[in-house]
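Dear colleague,

Please find the structure below, handed over for your study.

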Amino acid sequence: TRHLDVQAFSQMQIDTTGHFAGIGIMVGLKDEKITVIAPIENTPAHRAGLRGGDRICAINSRSSEFMSLDEAVSLMRGKEGTKITLTIERGKTPPFERFDVTIIRAAIEVPSVADAVVLQGDAWPVTEPVGYIRLTQFSERSSQELEEALQSMATKQVKSLILDLRNNPGGLLTAAV
């Protein structure tokens, strides 16, 4: 248990609903730089060509050098239909490619179930079909999305299931249960 100020509580509510207005990227700190972990598929950031490993050097001309991750996320989120310009640094070794990209914020829906497939065949060492479901977070919609994934596998005679929770940061306890 911990105390959340108004801004942190508001951010937590956005995170646990799975929808917000923004550009659609997952970010983290890598070598003390705001770094794109991955763009969310079919979002403005994905369509703009952002890639995992891109470093965000500035947000609307404001340097991100000493910016916290929470501060960067709050600057990238905003009203749907508004523009944001990111200065991106790309590449593994100097000289790095550096460029600006302007993106229009949109409503973002972050699915809990990122993958739901049945593994079978010669490449899979088990004779019976195995269901594979990757859960990226526990949000308000997780239960419904998991149920839909399981129903899609019901006709394929799946006897066992792999729930992939790697890189799942958690979320709502009730959704996790």
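**Findings**

Val73 counts as buried because its relative accessibility is 18%, and buried means under 20%. This residue belongs to helix α3, which covers residues 69-76. Please bear in mind that the model is predicted.

Side chains of opposite charge can pair when their charged atoms come close. In the whole structure, nine salt bridges were found. One of them joins the side chains of Lys33 and Glu89, at 3.8 Å from N to O. That pair links distant parts of the chain, with Lys33 in strand β3 and Glu89 in strand β6, 56 residues apart. Glu89 also forms a salt bridge with Arg55, where the closest N and O atoms are 2.8 Å apart. Glu89 lies in strand β6 and Arg55 in strand β4, so this pair ties together parts that are 34 residues apart in sequence. Glu89 and Arg55 are both buried, whereas Lys33, at 39% relative accessibility, counts as partly exposed. A network of salt bridges links Lys33, Arg55, Glu89 and Arg98.

Arg55 has a further contact: its charged end sits over the ring of Phe96, 4.6 Å from the ring's centre. The count of aromatic pairs comes to zero.

Yours sincerely

Notes:
Residues are numbered from 1 along each chain as its sequence is written. This is a predicted model: local features need pLDDT of at least 70, side-chain atom pairs count only at pLDDT 80 or more; totals for chains, interfaces and linings use all residues. Side-chain values use heavy atoms; hydrogens and water are left out. Helices (H or I, at least four residues) and strands (E, at least two) are DSSP runs, numbered from the N terminus. Buried means under 20% relative accessible area, exposed over 50%, partly exposed in between (1.4 Å probe, protein chains only). Rings of Phe, Tyr and Trp (its six-membered ring) pair if their centres lie within 6.5 Å; planes under 30 degrees apart count as stacked, over 60 as edge-to-face and the rest as tilted. A charge sits over a ring if NZ of Lys or CZ of Arg is within 6 Å of the ring centre and within 35 degrees of the ring normal. A salt bridge is a side-chain nitrogen of Lys or Arg within 4 Å of a carboxyl oxygen of Asp or Glu.
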